[in-house]
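Dear colleague,

Please find the structure below for your records.

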Amino acid sequence: MKVLITGITGKMGRLVAELLLAQGYEVAGIDRRPWPDAPAGITVHQLDIRKRAAEEIFRSFRPEAVIHMATVTHITTSSNEDRYRINLYGTRAVFEHCHEYGARRAIFVGRHTYYGTAPDSPLYHKEDEPPLAMTTFPELADLVAADLYAGSALWRFPKLDTAVLRICYTLGPGRQGTLAAFLRGPYVPMVLGFDPLFQFIHELDAARAIVTAMSSELRGVFNVTGPDPVPLSLLVRETGRQPIRVPEPVFRFALGRFGLPKLPRGAIEHIKYPIVIDSSAFRNATGFAPEYDEDQTMQAFREG
């Protein structure tokens, strides 16, 4: 089977591509970034997914399945306009090309932060809940819009088996991703009086889940998780960092100073209240189970 991966040169894209190659798939990818040491058997096209040249790859390669991972966060791209163009317009281009050139399966790799957080939000979020992130974390609005657009392909393109995966934070030796960036420095800020649960999955388990979703021919929206969530303070300590508890009135002033990470305003709610998702539908549909527990995942990040 021919599989095309957008965003292939990111850490997760590389892991997924290598797993697919090992299982005998014919793999190609599109990304604006190079992958100079890509394994033999993986073809990488250094292109912008929104450009005409990317459409030509769909036309010539004719993928049977497409895994769309070419979205960016506020951490990698600070401009709101750039994020909207990449995330929303790029997602639209991918699904239109899938429809136009006969792909049978499409996987959109989203994020569990889609659900947002608030003091009165439920502890466990299911797939049918509406997004709160649009109001509580404006910097995530473009990712929420891309998620909703991908979900609309289920009825707009009924011949295309579409699966939207909302994956919790990834963690592992690669030290890539939103949570890894938050834990990068020696000191990690916490809002005084709050210690929310954080949910994460080992990066290798996340890659396995994406490949499992594709081979299982899933259709619909699914949450994807790893082991049980742990309190933020425990996560910080077990990854070899020091928690710094800051009163909320001075929290925004402290961010980006004194060795603390720089975060957008909306992120503060995410380190006050938990976002915990229920992945039972995905596990029941695929039989997926993570291979790494919370201790192994935190240790892998710490020793990475």
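Arg50 is partly exposed, with a relative accessibility of 31% (partly exposed lies between buried, under 20% relative accessible area, and exposed, over 50%, with a 1.4 Å probe and protein chains only). Its side chain meets that of Asp48 in a salt bridge, 2.6 Å from N to O (a side-chain nitrogen of Lys or Arg within 4 Å of a carboxyl oxygen of Asp or Glu). Asp48 is buried, at 12%, and Arg32, Asp48 and Arg50 are linked in a network of salt bridges. The whole structure holds 15 salt bridges.

This is a predicted model, in which local features need pLDDT of at least 70, side-chain atom pairs count only at pLDDT 80 or more, and totals for chains, interfaces and linings use all residues. Residues are numbered from 1 along each chain as its sequence is written, and side-chain values use heavy atoms, without hydrogens and water.

The average pLDDT (the predictor's confidence in each residue, from 0 to 100) is 91, and 95% of the residues score at least 70. Over residues 75–79 pLDDT stays under 50. Where pLDDT is low, the predicted coordinates should not be read in detail.

Arg33 is partly exposed, at 43%.

Val16 is in contact (heavy atoms within 4.5 Å) with Ile5, Ile67, Met69, Ala207, Ile210 and Val211, leaving aside neighbours within four places in sequence.

Yours sincerely
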